[in-house]
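Trainee: Could you take a close look at one part of this model with me? I would like to follow how its pieces meet, step by step.

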Amino acid sequence: MDFDTPLAEAWIRAIAAAVEKEQDRLTELDSVIGDGDHGSNLRRGFSAALAALDGLQPAGPGAVLTKVGSTLISKVGGASGPLYGKAFRAIGAALPDPAPPGSAEPVGPATVAEALAAGLDAVRALGKAVPGDKTIVDAYTPAVAAFRSAAGAGAALPEAASAAADAADQGARDTIPLQARKGRASYLGERSIGHQDPGATSTALLFRALADVTAS
C-alpha cells in the first residue's frame with residue numbers, strides 16, 4: 001500500500017468523522033485547562049476542509065494535505081488552527097510531486113514518516129513546545145518516532161500507522177500527570193496537573209484515523 005491521493009482524502013474524511021464523534025470529549029478536556037473551544041474549533045475546521053476538497057482535483061496526496069492545512073489556518077480559531085494547519089501544510093509539502101503517468105515513484109512508509117516528521121517540526125517551530133510541556137507535541141513526537149522505527153524495520157504502511165497511533169494514544173495519556181508549560185493551560189500552574197491535554201488527545205485522534213484508513 002502506498003500513500004496516494006485517495007488515501008490522503010480518506011484520511012481527512014476519517015479525521016473529520018473522529019472529531020465529530022469526539023467533539024464533546026475534546027471540549028470537556030479543554031474546558032478544564034483551556035478555553036473550552038477545542039472540540040468546536042476542530043469540528044468547524046475539518047468540516048471546512050471537507051468542503052474545500054469537494055470538487056478539488058489535486059495533483060497528488062501532497063496537494064490534498066496542503067489544501068487542508070491552508071483551510072485550517074483560515075477557518076479555525078485558537079491555537080489549534082495555526083498548529084494543525086502548519087503541520088498539514090508541511091506534511092503536504094514534504095510529499096513528492098507526482099511523476100508523469102506510468103513512472104510515478106510510490107510514496108511508501110519511509111517517505112510518509114519523513115513527511116509526518118516535517119509536520120512535527122512545523123508545530124514545534126510555531127508553538128516552541130518540547131516533550132513534557134503538555135501539548136500536541138507530547139503525542140506527536142512519540143507517534144513520529146514509532147512510525148519511523150516501524151518503517152525502518154520494513155513495516156508496511158498499515159503497521160507503521162498502527163504503531164504511530166498506539167504511541168500517540170500513550171503520549172496523550174502521559175500528559176495527565178504533567179504541569180502545563182505552554183498555552184492557556186500554563187496559566188493554571190499546578191492546577192493543570194491531573195488532566196489530559198486536549199491538543200495531545202486530538203493529535204492521537206489524527207494518528208488513529210490514519211491507522212484506520214490504512215487498515216481498511
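Trainee: Within how many Å do the axes of H6 and H8 come, and at what angle do they cross?

Mentor: Happy to! Please keep in mind that this is a predicted model. The axes of H6 and H8 come within 9 Å, and they cross at roughly 30°. Angles under 35 degrees count as roughly parallel, and H6 and H8 are therefore roughly parallel to each other.

Now let's see which residues do the touching. On the H6 side you will find Ala139, Tyr140, Ala143 and Phe147, and these meet Ala200, Thr203, Phe207 and Leu210 in H8.

A pair of aromatic rings is described by the distance of the centres and the angle of the planes. For a pair to count as edge-to-face, the planes must be over 60 degrees apart. Before we use that, let me show you another pair, Phe3 and Trp11. Their ring centres are 6.2 Å apart and their planes stand at 80°, so this pair is edge-to-face. The rings of Tyr140 and Phe207 have centres 5.4 Å apart and planes at 75°, so they too form an edge-to-face pair. This pair links distant parts of the chain, with Tyr140 in helix H6 (residues 137-152) and Phe207 in helix H8 (residues 198-215), 67 residues apart. Both Tyr140 and Phe207 are buried.

Residues under 20% relative accessible area count as buried. Phe3 has 4% relative accessibility, so Phe3 is buried. Trp11 has 3%, so Trp11 is buried as well. Ring pairs also join Phe3 and Trp11 with Phe46 and Phe88 into a cluster. Across the model, the count is four aromatic pairs.

Back to H8, which has a charged link to helix H7. Asp166 forms a salt bridge with Arg208, and their closest N and O atoms are 2.8 Å apart. Here again distant parts of the chain are linked: Asp166 is in helix H7 and Arg208 in helix H8, 42 residues apart. Asp166 is partly exposed, at 43% relative accessibility, and Arg208 is partly exposed too, with a relative accessible area of 25%. Salt bridges that share partners join Asp166, Asp169 and Arg208 into one network.

Asp35 lies in the loop between H1 and H2, while Arg184 lies in the loop between helix H7 (157-173) and H8, so the pair ties together parts that are 149 residues apart in sequence. Asp35 is exposed, with a relative accessible area of 56%, whereas Arg184 is partly exposed at 38%. In total, the model has six salt bridges.

Terms used. Residues are numbered from 1 along each chain as its sequence is written. This is a predicted model: local features need pLDDT of at least 70, side-chain atom pairs count only at pLDDT 80 or more; totals for chains, interfaces and linings use all residues. Side-chain values use heavy atoms; hydrogens and water are left out. Rings of Phe, Tyr and Trp (its six-membered ring) pair if their centres lie within 6.5 Å; planes under 30 degrees apart count as stacked, over 60 as edge-to-face and the rest as tilted. Buried means under 20% relative accessible area, exposed over 50%, partly exposed in between (1.4 Å probe, protein chains only). Helices (H or I, at least four residues) and strands (E, at least two) are DSSP runs, numbered from the N terminus. A salt bridge is a side-chain nitrogen of Lys or Arg within 4 Å of a carboxyl oxygen of Asp or Glu. Axes are lines fitted to C-alpha atoms, for helices over the stretch in contact, and angles run from 0 to 180 degrees between N-to-C directions. Angles under 35 degrees count as roughly parallel, over 145 as roughly antiparallel, 65 to 115 as roughly perpendicular and the rest as oblique. Contact means heavy atoms within 4.5 Å.
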